[in-house]
Structures are given as structure tokens and as C-alpha cells.
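Me: I have a chain open and would like to talk through its fold. Can you take my questions as they come?

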Amino acid sequence: MPDPTTRDRPVILGNWKMHKTPAEAEALAGAVVAGTAGLAVDVGLAPAYPALLSVGAAVRGSRVRLVGQDAHFEPQGAFTGAVSARMLAACGCSLVLVGHSERRLHFGDTDAVVRRKLDAVLAAGMAPVLCVGETLVQREAGAADSVVREQLEAGLAALDAEDRERVLVAYEPVWAIGTGRTATAETAEAMHRVLRRAAAVIAGEATAARLSILYGGSVKGDNVAEILAGANVDGVLVGGASLESGSFLDICRNAA
Ligand code: PGA
């Protein structure tokens, strides 16, 4: 089983958000499995909950991983509409996004909630992808570095050493998500360096050196190679361009 926490190969995660029926998702996953076989990338797909089982079936036996988009922090209970980490694990997920900016913005996920979700995902035996990123207002106020450092700290600080080794981080500047406005490769690399340095303070140099830090925000086939050229950029989290096999496979090929 490929381990996306090793930094050996670029990690390419497709976040399908609230798109694709189970049948549509299964067809797309099948095309991704076929198109990425043999490529030197670690691919993961994050369908909406109703499509987890059909996508899980489509990726079974391949290197493509099943990824949850979010998880509730309680293992079960009276939380109408919510899905727990252990349910995702039972569906075959091995990675789960935590703290995506859309969760923070539209669903009120605070750093404290994100922290509890990290615990739940780790307790269910999966690897969380902790998403951090500043808004445009925060960037223009010169606060980008401190915002992402604080989000990282809120997520990682209280985890034990073993659990920290299992976390991936995604830097997703909010102003670049779904806007067509990508961070320049220089900005992405600079922010990833900030995050790796902050991780070293929290978790020590060795853990920080092993930490996979993905970039997200309007990644496409024609900018992925430049973004991944950054020494601290270990993969990408792709939204819009992951919804069609052609554009997603372009990204995977150009990343490989
Ligand atoms: P985008 O989304 O690629 O459509 O900008 C990225 C994300 O939200 O993960």
C-alpha cells in the first residue's frame, strides 16, 4: 500500500466536493485508475459520501486511495446529517480532509472543531489532511504567515509524536480556491517553507522533514509542474480540475 506520508512521490488528491452522483463518480474513478496506473504519483479521490462505496469499488486493487471530505468528531450519536470517521474507515477511506476552508467558512468549523476531527480521524486509523490557508484580507494585512502558523499549531500541538507522523498538511490560500487565481510557485513555496519551519518548532526537525505539505487552489495541468518544483511542495489538492478525467489526468501526468 503506497504511503502518501513519505514524500517519495507527489501526492495528487482530487476533491470532488458536492459534485457527482454515485454512478458518475464511479465512471470518473475508473478512468482515473486506468489513466494513472504506472505513473509515479500517489493519487487519492474524495467523492461525496453517497459515492464512497461505488468509488471504493472502482479503486479496489489499484494504488488509488479513497479519501473522505470531512468527518464528524464523534464516533456515533444523534448528529443528523453527519458522518463519523469510523464510518469513513469502514467504507475504505485511508485519508480524510480536515478543516477545508469551505468547512471553516460555510459550516463553522473552528480550530477547536478541527482539532477534535483530527483526533477522530487518527483514532479511526486513517491519515488526516489538515487544511490551512489565509483569506485575501488576511494576506493583504500581512498576516498570511501568522494565520497558517496558528492553524497548524492548533491542529498539531496537542497530538502525540506518533500521531503527528501520520498527518499531511494542505496549504490552500482561500483566495485561490475555485477562483482561477493560483498562488505563484514562489508564493506557494514560501508558505510551505513557513509551514515546515512551524512544524519543526512544534514537532521537531525530523518529523517536519518527513511532513507532506500539499498545495491547493486552482491547480491545473499547465501549472502543476511549476508548483511541484518547490522543494517544500509535496503534492497538490485539486478541486475543479479533478471533476473531469482529462484535466485530472493531465495534472497526474505532468506531476509524475
Ligand atoms: P480548486 O479547489 O482546485 O477548485 O481551486 C481546491 C480545493 O478546494 O481543494
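**Fold and contacts**

Reply: Among contacts in the protein chain between residues at least 6 apart in sequence, 70% join residues at least 24 apart, a contact being heavy atoms within 4.5 Å. This is a predicted model, where local features need pLDDT of at least 70, side-chain atom pairs count only at pLDDT 80 or more, and totals for chains, interfaces and linings use all residues. Residues are numbered from 1 along each chain as its sequence is written, and side-chain values use heavy atoms, with hydrogens and water left out.

Me: How many helices and strands does the protein chain have?

Reply: There are 12 helices and eight strands. Both are DSSP runs numbered from the N terminus, with helices being H or I of at least four residues and strands being E of at least two.

Me: What do the eight strands close into, and in which order?

Reply: They close into a barrel, in the order β1-β2-β3-β4-β5-β6-β7-β8, with parallel pairing. On average, neighbouring strands of this sheet are turned by 25° against each other, direction ignored. Two strands pair if DSSP finds at least two bridges between them. For angles, axes are lines fitted to C-alpha atoms, for helices over the stretch in contact, and values run from 0 to 180 degrees between N-to-C directions.

Me: How many bridges join β1 to β8?

Reply: Four bridges join β1 (residues 11–15) to β8 (residues 235–238), and the two strands run parallel. Val11 stands opposite Gly235, and Leu13 stands opposite Leu237. Helix α12 (residues 245–255) packs on the sheet there, touching β1, β2 and β8, and its direction makes about 170° with that of β1.

Me: And how many bridges join β7 to β8?

Reply: Three bridges, with β7 (residues 213–216) also running parallel to β8. Gly216 stands opposite Leu237.

Me: Which residues of β8 are buried on its two faces?

Reply: Gly235 and Leu237 are buried on one side, and Val236 and Val238 are buried on the other. Buried means under 20% relative accessible area, exposed over 50%, and partly exposed in between, using a 1.4 Å probe and protein chains only.

Me: Which strands does α2 lie across?

Reply: Helix α2 (residues 52–59) lies across β2 (42–46), β3 (65–68) and β4 (93–98), and runs at about 160° to β3.

Me: Switching to charges. How many salt bridges are there?

Reply: The count comes to 17 salt bridges. The rule is a side-chain nitrogen of Lys or Arg within 4 Å of a carboxyl oxygen of Asp or Glu.

Me: Which residue pairs with Lys17?

Reply: Glu102, with the closest N and O atoms 2.8 Å apart. Lys17 is in the loop between β1 and α1 (22–36) and Glu102 is in helix α4 (residues 101–106), so the pair links parts of the chain 85 residues apart. Glu102 is partly exposed, with a relative accessible area of 25%.

Me: What about Glu74, which residue does it meet?

Reply: Glu74 forms a salt bridge with Arg116, the closest N and O atoms being 3.3 Å apart. Glu74 is in the loop between β3 and α3 (85–90), while Arg116 is in helix α5 (residues 111–123), 42 residues apart. Glu74 is partly exposed at 27% relative accessibility, and Arg116 is partly exposed at 43%.

Me: Are Arg196 and Asp234 buried or exposed?

Reply: Arg196 is buried at 10% relative accessible area, and Asp234 is buried at 8%. Their side chains meet in a salt bridge of 2.9 Å, N to O. Arg196 is in helix α9 (residues 185–203), and Asp234 is in the loop between α11 (224–228) and β8.

Me: Which residues are linked in a network?

Reply: Asp70, Arg103, Asp109 and Lys117 are linked in a network of salt bridges.

Me: Back to α4. Which residues does Ser101 touch?

Reply: Val174 and Ile177, not counting residues up to four places away in sequence. Ser101 lies in helix α4 and counts as buried at 14% relative accessibility.

Me: Last topic, overall size. What does the C-alpha trace span?

Reply: About 45 × 45 × 35 Å along its principal axes. Buried residues make up 54% of the 256 residues in the protein chain.
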